Amino acid sequence: MGFRITTNMMMNTYRFNLGNSTKKFSDSALKVQTGRKFHSAAEDPAAAAQAWRVRRAMINNDSYLKNTKDTYSRLSMAWTAVDTARNKMSLGGIEAAIRGENSATASGRQPLGQEMKDLGESIIQTINGAKYGEHFVFSGADGLNAPFTWSEDMKTLYYRGVNVNAGTVGRPLNSPEPTGWEKNSYGIPEPTAEQLENATEDEKAWAAYYKDQTDLKKLEKMSKETTYVDLGMGMKENEDGEVIKGTAFDTSLPGINILGYGMDEDGDPKNVVMIMKKIGDLLSRCDAESGEWENGSADQETADRLLRKLQDAVSELSNQHTSIDTKGKFLKSNQTRLEDQADVLQEERYNIEHVDEADAISEFLYNYTVYNAALKIGTQLLSESLIDYMR
């Protein structure tokens, strides 16, 4: 007994095969258009997983590269500001005025004193003017506020609200330490407002000393502030949640590390601007015509001592300038490394995802031929019989 193949059966088989040919033709056409080997993870799970890892590395690398460029721009502004401040400090004229006799050179001491004070103020303006976007470069961890401010009489310099000359107040020697005062976060006694209001003169002297010591601790803490950014060096944290040095880049540039803070054993400021202010005050008090010192040799000795310290402070400023320059060179080398790495990752991604163009075109032409042949067969061989029509 024979088995009759109806036209309807042939149509179903034809439609199924035509669908396969159409899909293969469409897929091969898409490969030629996009140049990709696959368009979903289901097509090639192994290659898709590998491509995902490479693309993730590319995204991270792009982020590191952007951070590097932003940090370099920020550091460039810092370098320019410190370089400008350093170039303003020409000590030749100052040295001649201080160490000169009562001559034409000495007669210029008084105007030079005012110039010294003005120069110190201009250096602060230069440091404060270093901004990257809305952030102050030399404000350490607090980039939204200007690092340095002056008191109304322009005699006291503050770094983020703290006197840079902290450490001036001496420890009271003729009275016992107050009791009952709670210690602050720095371990230093600090009276409440009520305790300070009812304090004796000796206790107020201790309160002034404690506040001065607290300010010094604040400056020390701010000088060690860090702001780390991930530049692709394997940023990691230790068990205490602190970033491990060497795995990230510290972008913090506290201004007091650039200009100095505190007082030395002679009671002189360590801040380069305050040293200039103090020298300026001594020079301004000299006689306008003869240039004689107000207090004679005592003032001259003091000015000479401050000049040596100013020279040391300027030398330290140059060291800070060199340090910033070294960091900038590292950032440029890191940028080059990341750019080379981006090229390698791009090539790896291309090898995983992209097809050989010759193979893709050959496959497309083959599937196109098969598809056209299927259409031609459908028009020539498939026709409904009378029985199929009557059904």
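These legends go with a whole-chain view and two close-ups of a predicted model.

Figure 1. Helices (H or I, at least four residues) and strands (E, at least two) are DSSP runs, numbered from the N terminus. The chain has 391 residues, and 38% of them count as buried; buried is under 20% relative accessible area, with a 1.4 Å probe and protein chains only.

**Figure 2. Lys277 in helix H8, residues 272-284.** This lysine is buried, at 9% relative accessible area. Skip its neighbours within four places in sequence, and Lys277 is in contact (heavy atoms within 4.5 Å) with Lys117, Glu121, Trp150 and Met154.

**Figure 3. Helix H2 (residues 45-88) against helix H4 (residues 109-128).** Their axes, lines fitted to C-alpha atoms over the stretch in contact, come within 9 Å and cross at roughly 170°, on a scale from 0 to 180 degrees between N-to-C directions. That makes H2 roughly antiparallel to H4, a label for angles over 145 degrees. On the H2 side you'll find Ala81, Thr84, Ala85 and Lys88, meeting Leu119, Ser122, Ile123 and Thr126 of H4. Sorted by type, the residues of this contact are four nonpolar, three polar and one charged. Ala, Val, Leu, Ile, Met, Phe, Trp, Tyr, Cys and Pro count as nonpolar, Asp, Glu, Lys and Arg as charged, and the others, Gly among them, as polar.

**Notes.** Residues are numbered from 1 along each chain as its sequence is written, and side-chain values use heavy atoms, leaving out hydrogens and water. Local features need pLDDT of at least 70 and side-chain atom pairs count only at pLDDT 80 or more, while totals for chains, interfaces and linings use all residues.

Key:
Buried means under 20% relative accessible area, exposed over 50%, partly exposed in between (1.4 Å probe, protein chains only). Angles under 35 degrees count as roughly parallel, over 145 as roughly antiparallel, 65 to 115 as roughly perpendicular and the rest as oblique.
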